[in-house]
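Biologist: Walk me through how to read helix packing here. Then take me to the ligand.

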Amino acid sequence: MKYRNLGTSEIKVSEICLGSMTWGTQNSEAEGHAQMDYAFDRGVNFIDTAEMYPVNPMSAQTAGRSEEIVGTWMRSRRSRHDVVIATKISGPGSSIVRDGSGVSKKTLELALHSSLKRLQTDYIDLYQIHWPNRGSYHFRQSWKYDPSSQNVIETRDYILEALESLSEFIEAGKIRTVGLSNESCWGTSQFLEIARANHLPRVVSIQNEYSLLDRKFDLDLAELAVNEQVGLLAFSPLAAGILSGKYQGDRTPPGSRRNFSPDIGGRYTKHVIPVVDEYLRVARKHGLDPCQMALAFCLMRPFMTSAIIGATKQRQLEITIAAAGMSLSSDVLDDINEVYRRHPNPMGWRAYLKIQRWIQPRCWLDWQWCLLQPQVQRVLTYRPDH
Ligand SMILES: NC(=O)c1ccc[n+]([C@@H]2O[C@H](COP(=O)([O-])OP(=O)(O)OC[C@H]3O[C@@H](n4cnc5c(N)ncnc54)[C@H](OP(=O)(O)O)[C@@H]3O)[C@@H](O)[C@H]2O)c1
């Protein structure tokens, strides 16, 4: 297992982080503990959770249960100092925690103390803002997200207020570092700039979706991540299990995520299926497990701090953790790139196709209409005199 620094901090985290969002719904407490035992025995030292977890399904009754499961495990098995804990305060709009209120001085205080209690600890290593107050492109909201009505002054005031509270938590020893999630390049730069100008803590990481099927981070945030040392904690590196190939042929294996979310959070569309087939072909050609190939690809990206994996079964965990330290040959990377160049954003196809379907017949009709116009006919049939 390789370890990397969490941003500019001295905290070393394993390149594989264990996600907890199924503990308390798809997985029992005993299964969550068994996953942590297995992962920590193989060098993982990093766990990601959130005040709203578990999901699949999410409910007010179970919210906070994943943190509790991490808490009972730390209490019974490990010295607190061997574990790097990342948790999150929810942004606005999730009615299952704090009636959907967003991030503010008041909610930060409330959420942090509840998380500390559930985790049975007196400090959190990485405290993250799950999604921004102002909204976000993430979770397929990019189809309709429109930033034009944002109030920049309000946003900057909110960032300053949040960073001041988080700074107080650091001084009190309640958290060690601060991170963002589902953030944009602009939002992250605002956090960095306001921290710099006011001597407040700079964020150390950004937790966004990243996988072979979703590489938006490559385009802009990658540069910020490298230059500002705000590494990516990639969530859903297996595209929530889609890259395993188990849903090909429109199957829904019993107990899999598709039973809870038929389109897997908007990720599983008919346009994604042929692209998954192509990545499965690349894996087969090189004798690789498709999940290990997908994960190893993420781990080799220059801006990656950790990839956050999820598992509901022991066997899944065995496969993904074995990908740590794997290096893909240049032949594999060339084949991956070849698929990527043809399908840079397969989860974005749906909208693209819709637009194309709308435009194409109109263009064709316009062209036919144009050809029939007498002036056009004259130009097309013009012959010089000589
Ligand atoms: N910040 C955020 O907004 C955010 C959002 C999402 C996730 N996260 C974090 O990221 C973590 C991981 O997310 P994720 O679970 O979506 O990641 P993932 O690693 O892409 O998907 C994991 C899921 O894929 C399936 N799977 C794993 N290995 C498999 C294998 N070998 N064969 C077939 N299926 C396999 C399992 O689901 P099934 O068995 O149920 O099919 C497993 O739960 C979460 O626990 C959470 O900590 C954060």
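Modeller: Begin with who touches whom. Two residues are in contact if their C-beta atoms, placed from the backbone, lie within 7 Å. Here Cys185, Thr188, Ser189 and Leu192 of α5 meet Leu221, Leu224 and Glu228 of α6. Helices (H or I, at least four residues) and strands (E, at least two) are DSSP runs, numbered from the N terminus. This is a predicted model: local features need pLDDT of at least 70, side-chain atom pairs count only at pLDDT 80 or more, and totals for chains, interfaces and linings use all residues. Residues are numbered from 1 along each chain as its sequence is written.

Biologist: How do the residues of the contact of α5 with α6 divide by class?

Modeller: Ala, Val, Leu, Ile, Met, Phe, Trp, Tyr, Cys and Pro count as nonpolar, Asp, Glu, Lys and Arg as charged, and the others, Gly among them, as polar. The α5–α6 contact has four nonpolar, two polar and one charged.

Biologist: At what angle do α5 and α6 cross?

Modeller: Axes are lines fitted to C-alpha atoms, for helices over the stretch in contact, and angles run from 0 to 180 degrees between N-to-C directions. The axes of α5 (residues 185–198) and α6 (residues 221–228) cross at roughly 25° and come within 10 Å. That makes α5 roughly parallel to α6. Angles under 35 degrees count as roughly parallel, over 145 as roughly antiparallel, 65 to 115 as roughly perpendicular and the rest as oblique.

Biologist: Which hand does the crossing of α5 and α6 have?

Modeller: A crossing is left-handed if the near helix is turned anticlockwise from the far one by less than a right angle, and right-handed if clockwise. The α5–α6 crossing is left-handed.

Biologist: And how do α1 and α9 pack?

Modeller: Helix α1 (residues 29–41) and helix α9 (residues 314–321) pack at about 25°, with axes 11 Å apart. That makes α1 roughly parallel to α9. Their crossing is right-handed. Ala34, Gln35, Tyr38 and Ala39 of α1 make the contact with Gln314, Leu317 and Ile321 of α9. Five of these contact residues are nonpolar, two are polar and none is charged.

Biologist: How many residues surround the ligand?

Modeller: A residue is near a molecule if its C-beta atom, placed from the backbone, lies within 6 Å of it. The ligand has 30 residues around it, the closest being Gly19, Gly241, Ser256, Gly310 and Gln316. The shell has eleven nonpolar, 16 polar and three charged residues.

Biologist: Which element gives the most to that shell?

Modeller: Helix α9, with three residues. Both β10 (304–309) and α9 supply at least two each.
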